[in-house]
Amino acid sequence: MKRFELIAPCHFGLEAVLKREITDLGYDVSKVEDGRITFVGDEEAVCRANIFLRTAERILIKIGSFRAETFEELFQGTKELPLEEFIPRDGRFWVTKAASIKSRLFSPSDIQSVMKKAMVARLGEIYGVSWFAEDGASFPIRVFLMRDEVTAALDTTGESLHKRGYRRLVAKAPLAENLAASLIMLTPWREGRILVDPFCGSGTIPIEAAMIAANIAPGMNRGFTAKSWRHLIPPKEWEDACEEALELVLPDTQSDIQGYDIDDKMVEISRANARLAGVEHMIHFQRRGIEQLSHGKKYGFLITNPPYGERMEEKENLPSLYRMIGERFQALDSWSLYVLSAYERAQEDMGLKAAKNRKIYNGMMKTYFYQFPGPKPPKQR
């Protein structure tokens, strides 16, 4: 078995959630940094991490790291990387993304260009060629520069892991699937308990909750770049990981998950997405405004991502909208409320003081996850 150093990027502020997921999968975390977790695993780990992790962006295999303050040092450092251990003679290779923080080298396009030339030089010497057809499998490489430390890694995933494959139709400002899963996993909600999203949009939070409840692995029904790397990861590893995921599904799980939206079209889109995810039977979607929010049972959860004024026409409605969220929540008996928002007056207008709030970057936007936990239900006899 090969041993890899694997890197899993995530949303800034959600490192602890991803670390717990990786540990629960049985792998040793070696490093926790802003926006990414490093852990150790073999070929099986590459497959299982891609298929099972709900909160990661992608899974990378670290090729190596070195220090570079000039482009000459970047070229020479890249040329020293053991690329031939990963990329075959006919492989198509390129630097798909370069990110630089607090480093002397900061131009992504220049970093990509210099590193590509160095890779061609290295592999040309190893394989004894001066030109590459690059007509084989794809080997996209991602590069991070942090304080002049360069880390190069192979992207095993391809399209980001938040793309589960079920969301063909989206709202105007959709919440990424892995972010939605992270929000749910930051709460004490578990299968069998009530969950309502009164601003469900394209249904992402209810669908991710249903997938968690039914133990449906998020990567079960999608492809990965590394599936074509047969010299690195035998196809049987992918087959075994998919078989494991299928065996763990709980198809008869009972749930009380609801999604509301004021737009009929979004309700239909939510139902279509839930159908593609295989959880349509677990969720009740309905056209309903926040002012109509009510529920006769106790100890439920409101987990939601309401509008927060990205568009100018929404801003003037925010105070009354958040005031209504607070009023309807307080009318519920012994419920918990969890709200992701970038609206700076969210707590004041809701008339509530969060027990905890967590800063989370939704893309480049700073948001806060406001947490208002309610009382725990009595233990079942």
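I began with strand E6 (residues 138–146) and found it mostly covered, with seven of its nine residues buried; buried stands for under 20% relative accessible area, exposed for over 50% and partly exposed for what lies in between, using a 1.4 Å probe and protein chains only. Helices (H or I, at least four residues) and strands (E, at least two) are taken as DSSP runs and numbered from the N terminus.

The model is a predicted one, in which local features need pLDDT of at least 70 and side-chain atom pairs count only at pLDDT 80 or more, while totals for chains, interfaces and linings use all residues. Residues are numbered from 1 along each chain as its sequence is written, and side-chain values use heavy atoms, with hydrogens and water left out.

**Entry 1: the sheet that holds E6**

I traced an open sheet of seven strands, ordered E2-E3-E1-E4-E7-E6-E5 and mixed in its pairing; two strands are said to pair if DSSP finds at least two bridges between them. At its edges I noted strand E2 (28–33) and strand E5 (92–101), each of which pairs on one side only. With direction ignored, neighbouring strands here are turned by 30° against each other on average.

E5 and E6 run parallel and are joined by nine bridges, and in E6 I found phenylalanine 139 opposite phenylalanine 93. Strand E1 (residues 4–9) and strand E4 (residues 60–67), by contrast, pair in the antiparallel sense over two bridges, with leucine 60 in E4 as the bridge partner of isoleucine 7.

I then looked up which helices lie on this sheet. H2 lies across E1, strand E3 (36–41) and E4, and runs at about 15° to E1. H3 packs on the sheet where it touches E4 and strand E7 (149–155), its direction making about 135° with that of E4. Axes are lines fitted to C-alpha atoms, for helices over the stretch in contact, and angles run from 0 to 180 degrees between N-to-C directions; contact itself means heavy atoms within 4.5 Å.

I picked serine 30, whose place is in strand E2, and at 46% relative accessibility serine 30 counts as partly exposed. Leaving aside neighbours within four places in sequence, I find serine 30 in contact with Glu5, Thr38, Phe39 and Val40. Leucine 6 lies 24 residues from serine 30 along the chain, and their C-alpha atoms are separated by 9.5 Å.

**Entry 2**

Strand E8 (residues 194–197) and strand E9 (residues 256–261) run parallel, joined by four bridges; aspartate 256 in E9 is the bridge partner of isoleucine 194.

Helix H7 (residues 235–248) has 14 residues and reaches 20 Å from its first C-alpha to its last, close to the 20 Å expected at 1.5 Å a residue, the expected span being 1.5 Å times one less than the number of residues. Which residues of H7 are buried? I find Glu237, Trp238, Ala241 and Ala245 buried, and they cover an arc of only 100° around the axis, which puts them on the same side of H7; the arc is that of the directions from the helix axis to the C-beta atoms. Lys236, Leu246 and Glu247 are exposed on the other side of H7. What covers the buried residues includes helix H2 (43–52).

Leucine 248 also has its place in H7, and at 38% relative accessibility counts as partly exposed. Beyond its neighbours within four places in sequence, I noted leucine 248 in contact with Phe52, Ala214 and Asn215.
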